[in-house]
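Please find below some notes on the model under review.

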Amino acid sequence: MTKSKKLLAVIIIPLLYMWHCAAKTLTTEQAAEARKNIVSQAKQYIGCPYKTGAVGPDAFDCSGLIFTVYRDAAGVQMPRSVKAIYSKAKIIKTEEAESGDLVFFKTGGDGSITHIGIYIGKDQFIHAASDGNNTGVIVSSLREKYYKNAFASIGRVIPSGRSVKEVPDNGDDKVVSEEDIPDPEGSDSEDSLAFLSTDSSGGQTGGDGRWYSKIVFDATLFCDWNFFDTSRFMLNWRGISLETTARYTGWKFQPGIGTILRYNYGTKNFQIPIPISISFNDYVKIYAGPVINFGNPSLPGSSQTARGSFFPGIIGASFQTPKLKAGKVGISFAQDISYTIYNDTDGGALPFYKSVGSGLVLSSGVRVTLPLSNLL
């Protein structure tokens, strides 16, 4: 192949690819028809039961419903998970929502996208619900408190079915605006979702933008233990503790603050740590903070007394399993490892083995998580 032919191929092949992509773009009329088909087919599945991993036709999970309806009604191959669909969709403003767009929710308490539905107009959407008063494929309203608070954003995969159109040649130049074009499913006007607020990044948040819509509250009951004291290796019960934390889920690294009410059986005193935490996701967090001590702590396995340090007081890390849903509450198993600082009675540092034997504690327990908006 000569150089000129190679150059021609380099130019033509990308142009052919671009033409192929452009050819697949739907016209406004085709998009409106596709949206109508999506809503119509989704309605046919109302009443089907919910089943994890199911894509129909007899049962669905939430992303399985989207997968099947978009494929069969519009010929669009969608990913199979909620998060993958969210990454594929174009996030739009709520006032731009049309029937056939996707509605995303944060229902897990960790700030991630966990649920999805198909918007059908008039503030309503079709989805496959796994819990609540009604389950399976149902129609719900975005004005319901639960979905209003959990609402995250509107996503678009099919192009808009609305546009400014010119009337066919009839002797005048009248322009028909999109308000004059009937919605394929008879939905409300575009601003029917105005009750849902828009954040500064262009995305949407539920709960009318209320300050607590992204605050998550959790409480954990721990059994404290370790496998050594200041003099020997052995399994030790170190007491019980109740930890409560409030964290903000609107950022990638989620800041939080909490308290721990702990009876430390090993040191024979009562403590109230006040940790400041950073959660990296729903499963891992690190924390540190001061500790208020009541009573004179003693060193486990020894008759020696010590002095609790107020600050620095405690550092630790916490891990939890994926949550089991019980209505609006998430329940998980949590494992915590913490180090509380103790000093000698004269304020000096303890020997290493005494410091670790008294301060290092493992905690195992059950954590209950609930968005603060559901408490208020």
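1. Of the 376 residues of the protein, 45% count as buried, where buried means under 20% relative accessible area with a 1.4 Å probe, protein chains only. This is a predicted model, in which local features need pLDDT of at least 70 and side-chain atom pairs count only at pLDDT 80 or more, whereas totals for chains, interfaces and linings use all residues. Residues are numbered from 1 along each chain as its sequence is written, and side-chain values use heavy atoms, with hydrogens and water left out.

2. The protein contains seven helices and 23 strands, taken as DSSP runs numbered from the N terminus (helices H or I, at least four residues; strands E, at least two). Among contacts (heavy atoms within 4.5 Å) with a separation of 6 or more, 58% join residues 24 or more positions apart.

3. The largest nonpolar core has 30 residues; such a core is a set of buried Ala, Val, Leu, Ile, Met, Phe, Trp, Tyr and Cys residues joined through side-chain atoms within 4.5 Å. Helices H2 (28-44), H3 (62-74) and H4 (82-88) and strands E2 (102-105), E3 (115-121) and E4 (124-129) each give two or more residues to this core. The largest share, six residues, comes from H3. Tyr 70, one of the residues with the most contacts inside the core, touches residues including Ile 38, Met 78, Leu 102 and Val 157, not counting those up to four places away in sequence.

4. A second, separate core of 17 residues includes Ile 92, Tyr 119, Phe 125 and Leu 193.

5. Which residues of helix H6 (residues 352-359) are buried? They are Lys 354, Ser 355, Gly 357, Ser 358 and Gly 359. Their cover includes strands E11 (215-228), E12, E21 (329-340), E22 (342-343) and E23 (360-371).

6. The structure holds four cavities of 30 Å³ or more. A cavity is a set of points on a 1 Å grid over the protein atoms alone where a 1.4 Å probe fits but cannot get out, and lining residues have an atom within 4 Å of a point. The largest cavity has a volume of about 90 Å³, a volume being the space filled by probe spheres set on the points.

7. Thirteen residues line the largest cavity, and Ser 279, Asp 282, Lys 285, Gln 320 and Arg 367 lie nearest its centre. Strands E12 (233-248), E16 (284-289) and E19 (314-320) each give two or more residues to this lining, with the largest share, three residues, coming from E19.

Key. On a 1 Å grid over the protein atoms alone, a cavity is a set of points where a 1.4 Å probe fits but cannot get out, and a pocket is an open set with protein on both sides within 12 Å along at least five of seven lines; lining residues have an atom within 4 Å of a point. Buried means under 20% relative accessible area, exposed over 50%, partly exposed in between (1.4 Å probe, protein chains only).
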